[in-house]
Amino acid sequence: MATYRRWWEDAYLNVQYWTTSEDLETLINTTVDGVLTSEVSDHDQLSNEQAFNRLLGLYDNGFVPKNMAENLKLDRLQILTPYRGGGGGALSLSEAIRSRYRHDAWEPARRTKETAFAHSDKIIRIKNFYGWNSATKSRELRLSNGSIGVVCNNKEGRYGYFAESQWRLEFDKLEEEDFELAYAITVHKAQGSEFGEVIVVIPERRALLSRELVYTALTRSKARLTILVQKSSRSNPLLIARQRSDLATRNSSVYLNPSERNRAFEPEPGVKVQSKVEYVIYKALQSAREQGVLTFEYEREMLLTLDGKQVKVHPDFTVTCKGKTYYWEHLGMLDRRDYASKWRSRVAGYRADGHGDALLTTDDLGGLSDARISAVIDDLVRGTLQGESGEFSQHHYRL
């Protein structure tokens, strides 16, 4: 294992190697302690728990200042890993962090309710949560899949605090199974987010490794970045990821050999698309068109109301099935915050013009699968769009 050093004195990047789970835990603890030393005043005079609370914007005792989620600083430090379970996965890493920095946070023994979460635990929502808005008489999204917050044991009960919610949530009325610890989260859950400092764990496991996934992980940090790579007798996992692309190495019946001209791919004569993913989607739609189940156009112009003005836009694919028109927009850069922000404006236009239910969106942040593309097209043909309802659209699919 690499010799430890005070990496927090370095400017931006630190790369370390580990072999066993014990090595990894030691490296993570050393790294987190370094962050606490540099970011938390009087760190040496505080317990691990108190210092960690201050890092996250909590009082020393783990309560949220003024009961306002906007005072939290949960994005100051984040551990990322490609995997949820197993060695080097988000679940085990989160438990290790809690064991060291939340050792004294468990609620008093007099509390009888069994719980998976200690006072001041950092948690993540793993499915959308909707609440009733009495003013608009409709359901509205209160927490998104991937929202990060804290749970606190106040005198009047347990509450969850999340930056995206204007209310503190009565945690005991929610299902704990819909939350997980968030000291470490998967790269997939981190899409579109940024953190002050990031620790990226790269286990020797190769199942999900790709250039795209590693790129997403490494670009989550706004300041310092630590990469912890597992050593083994096999090739370096980073080398494997560099050599593997979710797009370029797929054994796919629809991914043929596109001709590239001026950075565009030509799925059929006279039509040029802007990315390999669009090429793959185009070929799948082309196959469905040849079967006579739909028709489609690439980047057909339409008018959309944006900020009160009629603006010409070009949806990636305009698909017609059984007399109904759908708009398929592939969101290829959701890992960029500016891109995600601009998309929110675009989707508001679709909804304002009455196209919300006809809009479907996709992303490839977790890879690309023929089966998932086929499932989207099957939903189009049946006229029953599914997908996940949320900020991107009412029907968002992960390819």
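Mentor: Two strands pair if DSSP finds at least two bridges between them. Helices (H or I, at least four residues) and strands (E, at least two) are DSSP runs, numbered from the N terminus. This is a predicted model, where local features need pLDDT of at least 70, side-chain atom pairs count only at pLDDT 80 or more, and totals for chains, interfaces and linings use all residues. Residues are numbered from 1 along each chain as its sequence is written, and side-chain values use heavy atoms, with hydrogens and water left out.

Trainee: Which strand pairs with β16, and in which sense?
Mentor: Strand β16 (residues 295-298) runs antiparallel to β19, with 4 bridges. Tyr-298 has Phe-317 in β19 as its bridge partner.

Trainee: How many bridges link β19 and β20?
Mentor: There are 5, and the pairing is again antiparallel, with β20 covering residues 324-330. Thr-318 has Tyr-327 in β20 as its bridge partner. β19 and β20 make a hairpin with 2 residues between them, and Lys-322 in the turn has a positive phi of about 50 degrees.

Trainee: Is β19 largely enclosed or open?
Mentor: Buried means under 20% relative accessible area, exposed over 50%, partly exposed in between (1.4 Å probe, protein chains only). In β19 (residues 317-321), 4 of the 5 residues are buried, so the strand is largely enclosed by the rest of the structure.

Trainee: Now salt bridges. What's the idea?
Mentor: Side chains of opposite charge can pair when their charged atoms come close. The cut-off is a side-chain nitrogen of Lys or Arg within 4 Å of a carboxyl oxygen of Asp or Glu. Searching the whole structure turns up 20 salt bridges.

Trainee: Which residue does Arg-98 meet in a salt bridge?
Mentor: Glu-95, at 3.1 Å from N to O. The two sit 3 residues apart in helix α3 (residues 90-101), so about one helical turn separates Arg-98 and Glu-95. Arg-98 is buried at 7% relative accessible area, while Glu-95 is partly exposed at 41%.

Trainee: What does Glu-39 form a salt bridge with?
Mentor: Arg-76, with the closest N and O atoms 3.1 Å apart. Glu-39 is in helix α1 (residues 21-39) and Arg-76 is in the loop between α2 (48-55) and β2 (77-81), so the pair ties together parts 37 residues apart in sequence.

Trainee: And Arg-224 with Glu-197: buried or exposed?
Mentor: Both are buried. Their side chains meet in a salt bridge, 2.7 Å from N to O. Salt bridges with shared partners join Glu-39, Arg-76, Glu-197 and Arg-224 into one network.
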